[in-house]
Amino acid sequence: MTENVWSYQPTAGHLAGTDLTGYKVEAADGSIGKVDKHSDEVGDAYLVVDTGVWIFGKEVLLPARTVTTIDPEERKIFVDRTKEQIKNAPEFHRDKHLGDTGYREELGTYYGTGAPFGGRPF
(Lines give C-alpha, C1' and ligand atoms only; values in the text may rest on other atoms or scores of the structure.)
Protein backbone atom coordinates (compact mmCIF):
# COMPACT_ATOMS: atom_id res chain seq x y z
CA MET A 1 0.00 0.00 0.00
CA THR A 2 1.96 3.00 -1.27
CA GLU A 3 -0.71 5.44 -2.41
CA ASN A 4 -0.61 7.37 0.88
CA VAL A 5 2.94 8.54 0.10
CA TRP A 6 1.51 10.59 -2.78
CA SER A 7 -0.49 12.87 -0.46
CA TYR A 8 0.74 15.75 1.71
CA GLN A 9 0.68 15.31 5.48
CA PRO A 10 -2.13 17.41 6.98
CA THR A 11 0.42 19.21 9.19
CA ALA A 12 2.80 20.14 6.33
CA GLY A 13 1.05 23.44 5.63
CA HIS A 14 0.43 22.72 1.95
CA LEU A 15 -2.22 24.89 0.34
CA ALA A 16 -3.67 23.48 -2.87
CA GLY A 17 -2.83 25.65 -5.84
CA THR A 18 0.35 27.11 -4.31
CA ASP A 19 3.21 27.22 -6.81
CA LEU A 20 6.19 25.59 -5.10
CA THR A 21 8.52 25.96 -8.10
CA GLY A 22 11.82 27.51 -7.00
CA TYR A 23 11.38 26.70 -3.31
CA LYS A 24 14.57 25.40 -1.64
CA VAL A 25 14.34 21.85 -0.32
CA GLU A 26 15.94 20.91 3.00
CA ALA A 27 16.56 17.31 4.00
CA ALA A 28 16.91 16.39 7.68
CA ASP A 29 20.65 17.04 7.38
CA GLY A 30 20.97 19.87 4.86
CA SER A 31 19.98 21.40 1.55
CA ILE A 32 19.32 19.14 -1.45
CA GLY A 33 18.27 21.65 -4.12
CA LYS A 34 15.26 23.50 -5.50
CA VAL A 35 11.82 22.44 -6.71
CA ASP A 36 11.81 22.30 -10.50
CA LYS A 37 8.30 20.82 -10.89
CA HIS A 38 5.54 19.79 -8.54
CA SER A 39 2.09 18.29 -8.51
CA ASP A 40 -0.51 18.84 -5.84
CA GLU A 41 -3.13 16.54 -7.32
CA VAL A 42 -4.93 14.55 -4.65
CA GLY A 43 -3.34 11.10 -4.42
CA ASP A 44 -0.62 12.01 -6.96
CA ALA A 45 1.34 14.81 -5.29
CA TYR A 46 5.11 15.02 -5.60
CA LEU A 47 8.14 17.29 -5.97
CA VAL A 48 10.79 17.06 -8.67
CA VAL A 49 13.95 18.51 -7.12
CA ASP A 50 16.90 19.76 -9.16
CA THR A 51 19.84 18.77 -6.95
CA GLY A 52 22.29 21.17 -8.62
CA VAL A 53 25.83 20.54 -7.41
CA TRP A 54 24.79 18.13 -4.64
CA ILE A 55 24.22 15.28 -7.14
CA PHE A 56 25.52 17.04 -10.22
CA GLY A 57 23.03 17.11 -13.09
CA LYS A 58 20.47 14.92 -11.33
CA GLU A 59 16.87 15.33 -10.30
CA VAL A 60 15.04 13.40 -7.61
CA LEU A 61 11.33 12.71 -7.24
CA LEU A 62 9.99 13.06 -3.71
CA PRO A 63 6.49 11.87 -2.83
CA ALA A 64 4.43 14.54 -1.05
CA ARG A 65 4.31 12.51 2.18
CA THR A 66 8.04 13.20 2.75
CA VAL A 67 7.23 16.92 3.19
CA THR A 68 6.99 17.88 6.87
CA THR A 69 6.79 21.68 6.59
CA ILE A 70 6.33 24.28 3.87
CA ASP A 71 7.56 27.76 4.81
CA PRO A 72 6.11 30.23 2.27
CA GLU A 73 7.92 33.23 3.78
CA GLU A 74 11.36 31.60 3.47
CA ARG A 75 10.32 29.72 0.31
CA LYS A 76 11.62 26.48 1.83
CA ILE A 77 10.28 22.95 2.00
CA PHE A 78 11.48 20.58 4.71
CA VAL A 79 11.43 16.80 4.19
CA ASP A 80 11.81 13.99 6.71
CA ARG A 81 14.62 12.11 4.98
CA THR A 82 18.39 12.44 5.10
CA LYS A 83 20.47 13.36 2.09
CA GLU A 84 21.79 9.78 2.01
CA GLN A 85 18.27 8.29 1.99
CA ILE A 86 17.28 10.58 -0.88
CA LYS A 87 20.49 9.87 -2.79
CA ASN A 88 19.91 6.11 -2.43
CA ALA A 89 16.33 6.24 -3.76
CA PRO A 90 15.60 4.58 -7.10
CA GLU A 91 17.23 6.76 -9.77
CA PHE A 92 14.88 9.24 -11.44
CA HIS A 93 14.87 10.28 -15.11
CA ARG A 94 12.09 12.77 -15.85
CA ASP A 95 11.47 11.67 -19.46
CA LYS A 96 11.32 8.01 -18.51
CA HIS A 97 9.78 7.91 -15.03
CA LEU A 98 7.33 10.79 -14.56
CA GLY A 99 4.32 8.84 -15.88
CA ASP A 100 5.67 5.33 -15.19
CA THR A 101 3.42 3.51 -12.71
CA GLY A 102 6.01 0.77 -12.10
CA TYR A 103 8.59 3.38 -11.10
CA ARG A 104 6.01 5.13 -8.91
CA GLU A 105 5.26 1.84 -7.13
CA GLU A 106 8.98 1.20 -6.57
CA LEU A 107 9.52 4.73 -5.26
CA GLY A 108 6.37 4.54 -3.14
CA THR A 109 7.64 1.33 -1.57
CA TYR A 110 11.04 2.92 -0.93
CA TYR A 111 9.53 5.95 0.82
CA GLY A 112 6.41 4.29 2.18
CA THR A 113 5.30 1.50 4.45
CA GLY A 114 7.81 -1.29 4.76
CA ALA A 115 10.55 0.67 3.00
CA PRO A 116 12.62 -2.33 1.84
CA PHE A 117 15.02 -0.17 -0.17
CA GLY A 118 16.47 1.71 2.81
CA GLY A 119 13.79 4.32 3.42
CA ARG A 120 11.97 4.42 6.71
CA PRO A 121 8.32 3.64 7.35
CA PHE A 122 5.90 6.42 8.27
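**Basis.** I am working with a predicted model, in which local features need pLDDT of at least 70 and side-chain atom pairs count only at pLDDT 80 or more, while totals for chains, interfaces and linings use all residues. Residues are numbered from 1 along each chain as its sequence is written, and side-chain values use heavy atoms, with hydrogens and water left out.

**Core.** I looked up the largest nonpolar core and found 32 residues in it, with Leu47, Leu61, Leu62 and Ile77 having the most contacts inside. Such a core is a set of buried Ala, Val, Leu, Ile, Met, Phe, Trp, Tyr and Cys residues joined through side-chain atoms within 4.5 Å; buried means under 20% relative accessible area, exposed over 50%, and partly exposed in between, with a 1.4 Å probe and protein chains only. At least two core residues each come from several elements, including strand E1 (24-27), strand E2 (30-41) and helix H3 (101-111), where helices (H or I, at least four residues) and strands (E, at least two) are DSSP runs numbered from the N terminus. The largest share, five residues, is supplied by E3. I then listed the contacts of Leu62 (heavy atoms within 4.5 Å): leaving out residues up to four places away in sequence, Leu62 touches Val25, Ile32, Tyr46, Leu47, Val49, Val79, Ile86 and Tyr111.

**Thr51.** A polar atom of its side chain lies 2.8 Å from the backbone oxygen of Lys58, and, not counting residues up to four places away in sequence, Thr51 touches Ile32, Gly33, Lys58 and Val60.

**Salt bridges.** My search of the whole structure gave five salt bridges, each a side-chain nitrogen of Lys or Arg within 4 Å of a carboxyl oxygen of Asp or Glu. Arg104 pairs with Asp44, the closest N and O atoms being 2.5 Å apart; this links helix H3 to strand E3 across 60 residues. Arg104 counts as buried at 12% relative accessibility, whereas Asp44 is partly exposed at 25%.

Glu59 forms a salt bridge with Arg94, with closest N and O atoms 2.6 Å apart, and the pair joins strand E4 to helix H2 (residues 94-97), 35 residues apart. Arg94 is partly exposed at 26%, and Asp36, Glu59 and Arg94 are linked in a network of salt bridges. I also noted the salt bridge of Asp80 with Arg81, at 2.6 Å between the closest N and O atoms, where both residues are buried.

Notes
Polar contact = N/O pair within 3.5 Å; in protein donor to acceptor, adjacent residues only side chain to side chain.
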